[in-house]
Amino acid sequence: MTAKKPKVTLIGEILARQGVDFVYEGPSSACENCKVRKVCHNLQPGRRYRIVAVRPNTRQDCPVHAGSVCAVEVEEAPIVTLIQADMAIVNSKIGYEFSCPKTHCRSYDLCRPEGIVEGEKYIVGEVLGNAPDVCERGRSLKLVELRPA
Ligand SMILES: [Zn+2]
């Protein structure tokens, strides 16, 4: 696996801490006339990112985030999710499909975690163990960490 170069983006000052994960949601209407919008919105909506570094002295005023934003370096964050046990092989590439559409499933947050993109390819990073709770899909599920391929 090759290490990807971190991207530089702007994020609300309150969130700007090393190690924080967030899901980028896309621009809001208040961003239209902002002079730094290109830097804020260089990520892919719906994906999960992790802040790997905060750049000092980069505060900018922002109409969306309370007060101001500052520059951070981010990379795509691993996502913890439940997949079929027979697909849970470390370093294998899988296409992620939401196979648990039940919103009342007790494992729903892990069956359809925020920040994962349906149809995208992911690499199984680590197998964390068995499903911590029941899922409508049955018992043969593993909790894994997926990284964007
Ligand atoms: Zn489920």
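A: Let me begin with a definition: helices (H or I, at least four residues) and strands (E, at least two) are DSSP runs, numbered from the N terminus. Counted in that way, the protein chain has 2 helices and 9 strands. This is a predicted model, in which local features need pLDDT of at least 70 and side-chain atom pairs count only at pLDDT 80 or more, while totals for chains, interfaces and linings use all residues. Residues are numbered from 1 along each chain as its sequence is written.

Q: What pattern does the protein chain follow along the sequence?
A: Reading along the sequence gives β-β-α-β-β-β-β-β-α-β-β.

Q: And which domains does the assignment give?
A: The protein chain is assigned domain 1 (7-76) and domain 2 (79-148), with bounds that come from an automatic or database domain assignment. Taken over C-alpha atoms, the centres of domain 1 and domain 2 are 28 Å apart. The contact between them takes 5 residues from domain 1 and 5 residues from domain 2, where two residues are in contact if their C-beta atoms, placed from the backbone, lie within 7 Å.

Q: What about contacts over the chain, how many come from residues 24 or more positions apart?
A: Among the contacts in the protein chain with a separation of 6 or more, 71% are between residues 24 or more positions apart.

Q: Switching topic, in what order do the strands of the open sheet come?
A: The open sheet is formed by 4 strands in the order β6-β9-β8-β7, and the pairing is antiparallel; two strands pair if DSSP finds at least two bridges between them. β6 (79-84) and β7 (93-95) each have a single partner strand and stand at the edges, so one side of each is left without a neighbour in the sheet.

Q: How many bridges join each pair, then?
A: Going through the sheet, β6 and β9 pair over 6 bridges, β8 and β9 are joined by 7 bridges, and β7 and β8 are joined by 3 bridges. As for residues that face one another, glutamine 84 stands opposite leucine 141 in β9, valine 127 stands opposite valine 144 in β9, and lysine 93 stands opposite isoleucine 123 in β8.

Q: Now the loops: where is glycine 138 found?
A: Glycine 138 is in the loop between β8 (121-130) and β9 (141-148). The C-alpha atom of glycine 138 is separated by 22 Å from that of valine 90, 48 residues apart along the chain.

Q: Is glycine 138 buried or exposed, and why?
A: Glycine 138 is exposed, because 11 other C-beta atoms lie within 10 Å. The rule is that a residue is buried if 20 or more other C-beta atoms lie within 10 Å of its own, exposed if 12 or fewer, and partly exposed in between, with C-beta atoms placed from the backbone. By that rule, buried residues make up 21% of the 149 residues in the protein chain.

Q: What is the phi of asparagine 57, and where does that residue lie?
A: Asparagine 57 has a phi near 55°, a positive value in a residue other than glycine, and lies in the loop between β3 (48-54) and β4 (60-61). Most residues other than glycine have a negative phi. Asparagine 57 is exposed, with 6 other C-beta atoms within 10 Å.

Q: And what about asparagine 91?
A: Asparagine 91 has a positive phi of about 75° although it is not a glycine, and it is found in the loop between β6 and β7. Asparagine 91 counts as exposed, because it has 10 C-beta neighbours inside 10 Å.
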